[in-house]
Amino acid sequence: MSDGSRLTVTQASRLIKSGDLSPVDLVSGCLSIIDALEPRLRAWETIDRPGAIAAAREAEREIAKSGPRSPLHGIPVGLKDIYFTAGMRTTMSSRIYANFVPEYDAASVERLRGAGAIILGKTVTTEFATADPSRTINPWNPAHTPGGSSSGSAVAVAVGMCPVATGSQTAGSVNRPAAYNGVVGFKPTYGRVSRFGVFPVSWTLDTLGWMTGEVRDAAIMLDVLSGYDSRDSGSADVPPTSSTLSLDYEDPAWAPRIGVVAGPFAELADLETMANLHRVTQALGAAGAAVDFFDLPDSVLGINEAQVVIDYSECAQVHREMFARRAADYAPKVRSRIECGALIPASAYVQGQRLRRQFRADMEAAIGGAFDALIAPATPSPAPADLSSTGDPVFQAPWTTAGLPVLNLPTGLSDLGDRGVPLAVQLISRGFEEERLLRVGRWVEKTLDVDLGAPPAHAA
Amino acid sequence: MTGKGGSGGLLDATLEDFRARARAMWGEGRALEIDEETLRKTAAAVDRMHALSLETTSGPGFYLGEFSRSGQPVQPEHEEPRDE
C-alpha cells in the first residue's frame with residue numbers, strides 16, 4: 001500500500017481504484033505534510049481536519065462497495081478562500097470576512113463534492129484576490145514572492161499538502177503563482193466553469209482555474225467542473241468536456257503545431273526567461289513539433305490597459321457598499337484600486353470592453369487552423385526577489401482579458417545565482433478548445449520530462 | 001500589449017483630473033494616501049482607452065455582447081453577417 005505522500009491526482013486516483021491506496025491514508029499523508037510545513041509556508045486559512053478524515057472514511061466505504069464515482073473520488077482538494085463552502089469559514093483573507101460562514105457551496109464546490117472529492121480546507125489568497133501580498137511563503141526561496149492572488153493554492157500543491165487546489169484569475173492569479181512555484185496551472189475559457197458562489201473581483205474577467213502536479217490532473221478537474229450554470233450570467237451554454245478521455249486515447253505518433261509568441265513578450269522578458277523559451281522550443285521541434293513564429297495582432301496594443309480599466313471599474317462596484325462602511329479595514333493596494341476604479345469614466349470602460357472583443361476575434365482568426373497552441377514565457381522572469389509585490393501579470397492579462405484558455409508548465413529551475421526558483425512556459429489556444437490545449441500540454445510535458453523534485457522547504 | 005498611454009502631456013492632464021476627482025470623491029486626506037503607482041496605472045489605462053479607434057459600422061451590439069454565451073468564436077462587427 002502507498003502512504004499517499006506527494007502523489008498527483010492521476011497517480012492517487014489509479015491507486016485508489018486498484019485498492020492500493022486508501023483515501024484515509026492519502027488525506028492523512030497530506031495532513032502530515034501540512035503539519036510539518038504550514039508553520040513556515042502559511043498556505044492555509046482553514047484546515048478541516050475532522051471533516052476531511054470523516055469524508056475520507058466515507059469515500060473508502062463507498063469505493064469498497066461500489067467503486068469510485070469519478071477520478072476525484074477520495075482525492076483531497078484545497079480551495080482558494082473565496083470559494084463559498086457551506087458551514088466552513090470563507091474569509092477572502094480579509095479581516096472584514098474573518099468570521100463569515102456561507103450557508104451554501106459554490107457551484108464548483110458542489111461539483112467537486114458530487115465527484116467524491118474531499119475538501120481539505122481553504123487556502124490563503126491575497127486580500128479579496130487582488131494585489132496586496134499574502135502571508136504565504138515561496139517554498140523554493142523565501143526571499144522570492146510566491147505570486148498571487150492564488151498564492152496558498154500554488155504553494156500547497158508545490159509541496160504536496162494536497163494534489164490539487166483551486167484558484168481564480170482576473171489578470172494572472174492562477175498561471176503566475178503556478179509558474180512561480182513550479183506546478184501546472186490551468187485557466188479554462190471564460191464561461192467554461194461556473195463562478196456561482198465565488199467572491200468576485202471583476203464579473204466580466206473572473207475565471208476559475210486550478211493548480212496540479214501534472215497536465216492530466218488539470219483535465220480531470222476540467223471534466224468535473226465544466227458545464228453550463230444558469231446561476232452565473234457569464235456561463236457558456238456549451239456541453240461539459242471529456243478531455244481526460246481524449247488524453248488517454250491520443251495517437252502516439254501525433255505531434256502538435258506550435259506558434260511561438262514573439263513581439264512584446266520578447267521585449268519584456270529577461271534573458272534567462274527568453275533563453276529558457278528558446279531551449280524549450282528547440283526541444284519540442286527536435287521531438288517532432290512543427291514550430292513557427294506567431295505574430296500577435298495589432299489589437300494586443302492596449303489590451304493590458306483594457307484589463308486595468310475593466311478590472312478596477314468592476315472591482316470598485318463589487319466593493320462599493322462595503323467600502324462605504326469599512327474602508328479602513330481594506331489593505332492599502334485593494335483600497336487604492338477601489339478608489340481609483342470609482343474614478344474611471346464610462347467611456348474608458350466601454351472602450352476596454354470593445355477592445356477585448358476585437359482582440360479575441362483577431363486572436364481566433366490568427367491562430368485559426370494554423371496552430372494547435374501558442375507558446376510563450378509564463379512570466380517576464382522567475383519569481384522576483386520582492387516581497388512587496390505578487391509579481392507582474394503582464395504575460396497573463398492579454399489571454400484572461402480575451403477569455404482564452406491557458407496552461408502553464410514548469411520547465412526547470414533558474415541557475416542564476418542561488419535563487420533556485422522555477423522557470424515555466426505557458427500554452428494558449430482558441431476559446432473552448434481546452435481539449436486540444438491539454439493534448440498539446442500533455443505532449444509537451446512528456447517531451448520535456450521535467451522533474452523539479454521537492455522544493456527546499458521540504459528539507460529545511 | 002503595454003499601451004503607450006497617449007502623449008506625456010495627455011497623461012499629465014489625465015493624472016491631474018484624477019487627482020482632482022479623487023479629492024472630490026474621497027476627501028483631501030484620503031486622496032493623498034492613494035497609492036501613486038495605482039493612480040498612474042489607472043490614468044495611463046484611461047488615456048490609452050480614449051486613444052483607441054475601433055470599427056463601429058455594422059453588427060450593432062457585437063462589441064458589448066457577452067462573448068461567452070454561445071461558446072462560438074466572436075466575429076468583429078465588420079465581418080458580422082446581417083439579415084436584410
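## Basis of the description

In this predicted model, local features need pLDDT of at least 70, side-chain atom pairs count only at pLDDT 80 or more, and totals for chains, interfaces and linings use all residues. Residues are numbered from 1 along each chain as its sequence is written, chains are lettered from A and ligands numbered from 1 in the order in which they are written, and side-chain values use heavy atoms, with hydrogens and water left out.

## The interface of chains A and B

Between them, chain A and chain B bury about 4100 Å², of which 64% is on carbon and sulfur atoms; buried area is the accessible area (1.4 Å probe) that two parts lose on being put together, summed over both. On the chain A side, the most area is lost by A:L343, A:R354 and A:R357, which together account for 20% of what that side buries. Chain A gives 56 residues to the contact and chain B gives 39, where contact means heavy atoms within 4.5 Å.

One salt bridge is found across this interface, a salt bridge being a side-chain nitrogen of Lys or Arg within 4 Å of a carboxyl oxygen of Asp or Glu. A:E339 forms a salt bridge with B:R30, with the closest N and O atoms 2.7 Å apart. The elements of chain A that each give two or more residues to the side touching chain B are α9 (264-268), α11 (303-318), α13 (332-341), α14 (346-367) and α15 (397-402); helices (H or I, at least four residues) and strands (E, at least two) are DSSP runs, numbered from the N terminus. The largest share, 14 residues, comes from α14(A). By residue class, this side of chain A divides into 30 nonpolar, 14 polar and 12 charged. Here Ala, Val, Leu, Ile, Met, Phe, Trp, Tyr, Cys and Pro count as nonpolar, Asp, Glu, Lys and Arg as charged, and the others, Gly among them, as polar.

## Helices α10 and α16 of chain A

Helix α10 (residues 271-286) and helix α16 (residues 434-448) of chain A pack at an angle of about 95°, their axes lying 10 Å apart. Axes are lines fitted to C-alpha atoms, for helices over the stretch in contact, and angles run from 0 to 180 degrees between N-to-C directions. The helices α10(A) and α16(A) are therefore roughly perpendicular (angles of 65 to 115 degrees).

From α10(A), the residues A:V280, A:A283 and A:L284 meet A:W443, A:V444, A:T447 and A:L448 of α16(A). The residues of this contact comprise six nonpolar, one polar and no charged.

## Salt bridges and backbone features

The whole structure holds 30 salt bridges over all chains. In one of them, the side chains of A:K122 and A:D81 meet at 3.0 Å, N to O. A:K122 lies in strand β3 (residues 118-123) and A:D81 in the loop between β2 (76-80) and α4 (107-114) of chain A, so the pair ties together parts 41 residues apart in sequence.

A:M92, in the loop between β2 and α4 of chain A, has a positive phi near 55° although this residue is not glycine. The peptide bond from A:G148 to A:S149 is cis, with omega near 10°, and A:S149 is placed in the loop between β3 and α5 (151-158) of chain A.

Terms used:
Angles under 35 degrees count as roughly parallel, over 145 as roughly antiparallel, 65 to 115 as roughly perpendicular and the rest as oblique.
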